[in-house]
Amino acid sequence: MPKFSKWVIDMNFDQAMKKLAENLSEKRFRHSINVSNTAENLALVYGCNSEQAKLAGLLHDCARELTSNRLLSTAEAFGILVGDIELSQPVLLHAPIGAKLAMAEYAVTDPEIVQAITMHTTGGSNMSTLDKILFIADIIEPGRDFPGVDTLRTLAEENLDKALLAAYNQSIKFLVDRNSIIHPDTIAGRNELLNNR
């Protein structure tokens, strides 16, 4: 797997920061900065490449403000498979579309960053450390305020897999309480963690 110099990643980060500021709402841009900083800090804790985490965190929501119709048409243009779940909840497409936009619009060539962005919403099986860090960072960044977030923040500093399992559990309970569909990737990711304990 190719490794990229700090200079290349920093160049992409600076360019991405400027472009995101122009294309996202102030609230979404602030969230992206928070996730970037949180992911960078978690990467340092878990011996992951902090520059990759920083850039993945910055770009993870670059497609989040697209409308449902635009998400569906963009998925088609990129050749992203859209199942029944995504048809009923197009917002889930912002992760794989964001990964494609990171490559097409933000010059990201690192496949590890692309994969982390792809997986940041639903999670899944076979997640790398970077994938897990971005998934958790998105949930616990300082702007988040919901019951249980402080517990997740503490777990994230102690054990990444325990934090991920707790995040899955919380997300699934939230969806069940609202009679919402649970993406099979989320179930697969949770089951894998339990099987590997």
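Mentor: Buried means under 20% relative accessible area, exposed means over 50%, and partly exposed falls in between. Keep in mind that this model is predicted.

Trainee: Start with H31. Is H31 buried or exposed?

Mentor: H31 has its place in helix α2. Its relative accessible area is 8%. The cut-off for buried is under 20%. Therefore H31 is buried.

Trainee: Which residues does H31 touch, not counting residues up to four places away in sequence?

Mentor: Contact here means heavy atoms within 4.5 Å. With residues up to four places away in sequence left out, the partners of H31 are H60, D61, D138, E141 and R144.

Trainee: D138 sits in that list. Which residues lie nearest the centre of the largest pocket?

Mentor: The largest pocket has a volume of about 1,100 Å³. Its lining counts 32 residues. Nearest the centre are T121, D138, I139, R144 and S171.

Trainee: Which helices each supply at least two residues of that lining?

Mentor: H31 has its place in α2, and α2 is one of the suppliers. The helices that each give at least two lining residues of the largest pocket are α2 (26-45), α8 (129-140) and α10 (160-177).

Trainee: How many charged residues are in the lining of the largest pocket?

Mentor: Sort the lining by class. Nonpolar residues number twelve, and polar residues also number twelve. The charged residues in the lining of the largest pocket number eight.

Trainee: Now α8. What distance does α8 reach from its first C-alpha to its last?

Mentor: α8 has twelve residues. At 1.5 Å a residue, 16 Å is expected, and the model comes close to that. From first C-alpha to last, α8 reaches 16 Å.

Trainee: Why is α8 described as largely enclosed by the rest of the structure?

Mentor: Count its buried residues. They include L130, K132, F135 and D138. α8 is largely enclosed because, of its twelve residues, the number buried is ten.

Trainee: What covers the buried residues of α8?

Mentor: The buried set runs through L130, D131, K132, I133, L134, F135, I136, A137, D138 and I140. The cover over these residues includes α2, α3 (50-59), α7, α9 (149-158) and α10.

Trainee: Take α7, then. Which residues does A116 touch, leaving out those up to four places away in sequence?

Mentor: A116 lies in helix α7. Its relative accessibility is 0%, so A116 counts as buried. Beyond four places in sequence, A116 touches A56, L130, D131 and L134.

Trainee: What separates the C-alpha atoms of A116 and S32?

Mentor: Along the chain, A116 and S32 are 84 residues apart.

Trainee: What about the second largest pocket? Which element gives the largest share of its lining?

Mentor: The second largest pocket holds about 310 Å³ of space, with 18 residues lining it. Two elements give two or more residues to this lining: α6 (94-106) and α7 (111-119). The largest share is five residues, and it comes from α6.

Trainee: I80 lies among the residues nearest the centre of that pocket. Which residues is I80 in contact with, leaving aside neighbours within four places in sequence?

Mentor: I80 is found in the loop between α4 (68-78) and α5 (84-88). It is buried, at 15% relative accessible area. I97 is 17 residues away in sequence and 7.9 Å away in space, C-alpha to C-alpha. With neighbours within four places set aside, the contacts of I80 are A75, L93, P96, I97 and K100.

Trainee: On to the loop between α6 and α7. Which backbone nitrogen does the side chain of D110 reach?

Mentor: D110 is in that loop. It is buried, with a relative accessible area of 4%. At 2.9 Å, the D110 side chain reaches the backbone nitrogen of E112.

Trainee: A107 is in that loop too. What is its phi?

Mentor: Most residues other than glycine have a negative phi. A107 is not a glycine, yet its value is positive. At 41% relative accessibility, A107 counts as partly exposed. Its phi is about 60°.

Trainee: Is N179 buried or exposed?

Mentor: N179 has its place in the loop between α10 and α11 (184-195). Its phi is positive, near 50°. The relative accessibility is 74%, so N179 counts as exposed.

Note on methods. Residues numbered from 1 in each chain as written. Predicted model: local features only at pLDDT ≥ 70, side-chain atom pairs only at ≥ 80, totals over all residues. Heavy atoms only, no water. 1 Å grid on protein atoms, 1.4 Å probe; cavity = no way out; pocket = protein on both sides within 12 Å on 5 of 7 lines; lining within 4 Å. Points joined across faces, edges and corners; volume = space filled by probe spheres on them. Helix = DSSP H or I, 4+ residues; strand = E, 2+ residues; numbered from the N terminus. Nonpolar A, V, L, I, M, F, W, Y, C, P; charged D, E, K, R; others polar. Buried < 20%, exposed > 50% of the residue type's maximum accessible area, 1.4 Å probe, protein only. Polar contact = N/O pair within 3.5 Å; in protein donor to acceptor, adjacent residues only side chain to side chain. Expected span 1.5 Å × (residues − 1).
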